[in-house]
Amino acid sequence: MTHQEKLHAIRSMMALQQIDAYIIPSADPHMSEYVPDHYKCIHFASGFSGSAGTLVITQNFAGLWADFRYFEQAELQLAGSGFELVKLQVQHTPEYIDWLYETLPDGATVAFDFTLLSIVIAEQLKQQLDHRSISIKNADLLSLIWSNRPALSHSKAHLLKDEDCGRSVAEKLGDLRLNMGKYKATLHLISTLDDIAWLFNIRGSDVSYNPVVLSFALITQTEATLYIQTEKLSNEDKNALQMSCVSVAQYNEVDSHLTQIAAGSCILLDEKRTCYQFLTLIPPSVRVIKDTNPVVFLKSIKNPVEIANMRSAMITDGVALTRFFKWLEENIGGGNVSEISASERVKAFREEGKGFAGLSFGSIAGYQAHAALPHYCPDDSSNTLLLSEGLFLLDSGGHYYYGTTDVTRTVPLGNNTNEEKRDYTLVLSAMITGSAAKFPKGTRGYQIDSLCRKQLWEFNINYGHGTGHGVGYYLNVHEGPQNIGPANAAVAMAPGMITSIEPGIYRPGKHGVRIENLVLTVKGDVSEFGEFLKFETITLAHIDTTLVITDLLQPKQIQWLNSYNQLVFEKLSPLLKPDECEWLSKKCQPI
């Protein structure tokens with residue numbers, strides 16, 4: 001079926017079921033950012049392959065609500081599909097709810113699959129539309145037309161050793177139960193895969209780029225139940241979980257268990273990270289508390305073992321990147337290096353590293369104008385040869401059994417313009433400013449975000465994505481609760497958090513620049529004005545200096561850059577071959 005035929009089929013079913021508007025979110029029952037192929041509903045219906053967006057279909061209009069990162073991609077992929085791009089004004093906001101409120105008649109019906117929308121969004125939708133007597137309805141229309149729909153993964157899962165995680169499952173459950181006690185909660189339901197993976201020291205490969213296992217968890221003050229395809233775990237792992245008072249039940253049993261919760265119980269739910277369907281299953285006699293899953297905070301503060309292992313992962317990853325950029329420089333201009341082959345090559349170098357466990361996301365390898373698309377991933381139709389001119393942006397990362405990396409470098413390939421040099425230097429200035437920041441305890445991400453952007457605002461330049469996100473420990477490359485962005489997220493930076501700093505400049509049709517490192521929040525000085533924190537950069541990959549316009553950097557920024565590159569050389573050179581060491585030494589010379 002073509003996408004227009006699928007759209008026609010959906011509208012026919014809407015008419016039969018008296019549905020006036022149908023919502024298709026980019027989610028799964030776990031509210032994941034990256035979803036299994038089985039839940040790539042937006043791609044199936046419209047052809048849009050981005051990781052974030054929402055489709056809304058009426059009989060007269062079909063639109064994709066997407067943010068700045070996907071504007072150009074969506075315009076290309078939606079062409080001829082029957083869907084139109086609706087540009088979000090504010091990232092990560094359900095602006096389609098206002099559109100439904102203004103567009104639909106009184107008494108209309110809006111439907112969506114209750115397993116694919118979070119409680120917080122569903123209740124916001126319900127509350128706002130109720131003013132117009134517009135009702136909501138549970139409907140899965142795609143399953144009726146999706147032939148050969150990909151099955152859910154049956155791949156094996158495994159437990160990590162407690163000593164590799166820094167804390168045992170029993171210790172982590174103990175920490176969680178202390179937090180449950182603050183709410184007087186007798187039960188806690190967890191749906192998010194990375195939180196479950198961290199809590200039970202379990203990893204798998206059910207979702208591309210995320211080492212997680214499809215699962216749910218229900219925790220009481222004395223026991224815990226892990227809902228998973230039980231055949232995924234070995235008997236040894238099941239026994240190990242049993243020793244921590246963790247029972248293993250089948251993945252789909254969670255629904256019936258929720259309906260059987262005893263009257264008078266109190267369950268803690270994370271309304272942003274739990275599907276609306278689960279709320280409808282809980283008996284009315286059960287008190288529901290809606291707040292952030294405590295594991296989100298516990299997981300974000302890396303323990304000493306996790307930090308030490310992440311440092312090792314940065315060294316392994318830095319060696320791979322050094323070898324890649326050396327290879328790129330030596331092979332560029334030969335007419336045989338493309339965006340895809342470069343992506344494959346950097347993966348091959350990472351695969352040589354100890355404990356490599358896969359890419360942490362699809363590599364963003366953009367040459368020239370493609371680099372102006374912040375989330376561009378080359379495919380056969382867009383793949384471009386790299387020439388000896390312009391800029392090449394590589395945003396990539398890897399999972400290792402002892403850490404996760406995410407690093408972006410923009411490198412010159414030759415004959416660079418003054419505009420490219422200026423943009424590169426301004427982005428570097430913004431990244432250094434964030435990395436070198438010292439700030440009072442209690443500082444939030446949006447405050448640091450403005451420090452970074454100030455370097456660009458002075459030149460009337462801005463970028464549409466956040467400046468930084470949390471990173472997991474051999475887990476999801478995007479992790480909360482902290483972030484560095486313009487939104488006033490009520491989460492303060494805290495020692496032990498690992499966060500990216502990645503400002504950028506994007507000129508559509510010309511070039512894009514982004515430079516990204518991961519930083520560890522550590523304790524700073526204490527003065528009469530209180531406690532201060534600072535960042536320690538843990539990514540180890542040289543930053544190219546040939547494009548730098550030194551007049552646009554402050555002396556302290558030049559000193560930071562030189563010190564950083566010197567640190568990179570000191571950490572990586574013992575693991576490099578003599579010719580690689582000589583090459584990196586030249587790249588790390590002070591300016």
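## Terms and basis of the model

A residue is called buried when its relative accessible area is under 20%, exposed when that area is over 50%, and partly exposed in between, with a 1.4 Å probe and protein chains only. By this rule leucine 64, at 0% relative accessibility, counts as buried.

This is a predicted model, in which local features need pLDDT of at least 70 and side-chain atom pairs count only at pLDDT 80 or more, while totals for chains, interfaces and linings use all residues. Residues are numbered from 1 along each chain as its sequence is written, and side-chain values use heavy atoms, with hydrogens and water left out.

## The chain as a whole

The protein chain contains 18 helices and 28 strands, where helices (H or I, at least four residues) and strands (E, at least two) are DSSP runs numbered from the N terminus. Its C-alpha trace spans about 70 × 55 × 50 Å along the principal axes. The radius of gyration of the protein chain is 25 Å, which agrees with the value near 25 Å for a compact globule of 591 residues; the radius is taken over C-alpha atoms, and the globule rule is 2.2 Å times the number of residues to the power 0.38.

Of the 591 residues in the protein chain, 59% are buried. Among contacts with a separation of 6 or more, 69% are between residues 24 or more positions apart, a contact being heavy atoms within 4.5 Å. The protein chain exposes about 24100 Å², of which carbon and sulfur atoms supply 51%.

Leaving aside neighbours within four places in sequence, leucine 64 is in contact with a set of residues including Ile42, Phe48, Leu55, Leu78 and Val86. Proline 25 is 39 residues away from leucine 64 in sequence, and their C-alpha atoms are 9.7 Å apart in space.

Arginine 453 is found in helix 16, residues 445-457, and is buried, with a relative accessible area of 3%. A polar atom of its side chain lies 2.8 Å from the backbone oxygen of tyrosine 463. Beyond the neighbours within four places in sequence, arginine 453 is in contact with Asn462, Tyr463, His465, Gly466, Thr467 and Pro486.

Asparagine 460 has its place in the loop between helix 16 and strand 22, residues 468-470, and counts as exposed at 77% relative accessibility.

## Backbone angles

Most residues other than glycine have a negative phi, and most peptide bonds are trans. Asparagine 460, although not a glycine, has a positive phi of about 60°. Asparagine 201 also has a positive phi, near 50°; asparagine 201 lies in the loop between helix 8 (193-199) and strand 9 (202-203), and is buried, with a relative accessible area of 1%.

A cis peptide bond, with omega of about 5°, joins glycine 480 and proline 481. Proline 481 is found in strand 23, residues 479-484.

## Asparagine 336 in a loop

Asparagine 336 lies in the loop between helix 13 (304-331) and helix 14 (339-351), and counts as exposed at 53% relative accessibility. Leaving aside neighbours within four places in sequence, asparagine 336 is in contact with Asn331, Ser341 and Leu385. The C-alpha atoms of asparagine 336 and leucine 386 are separated by 8.1 Å, with the two residues 50 residues apart along the chain.

Notes. Accessible areas come from the Shrake-Rupley method with a 1.4 Å probe; for residues, only the protein chains shown count as cover. A polar contact is a pair of N or O atoms within 3.5 Å; within protein, one must be able to donate a hydrogen and the other to accept it, and residues adjacent in sequence count only if both atoms are side-chain atoms.
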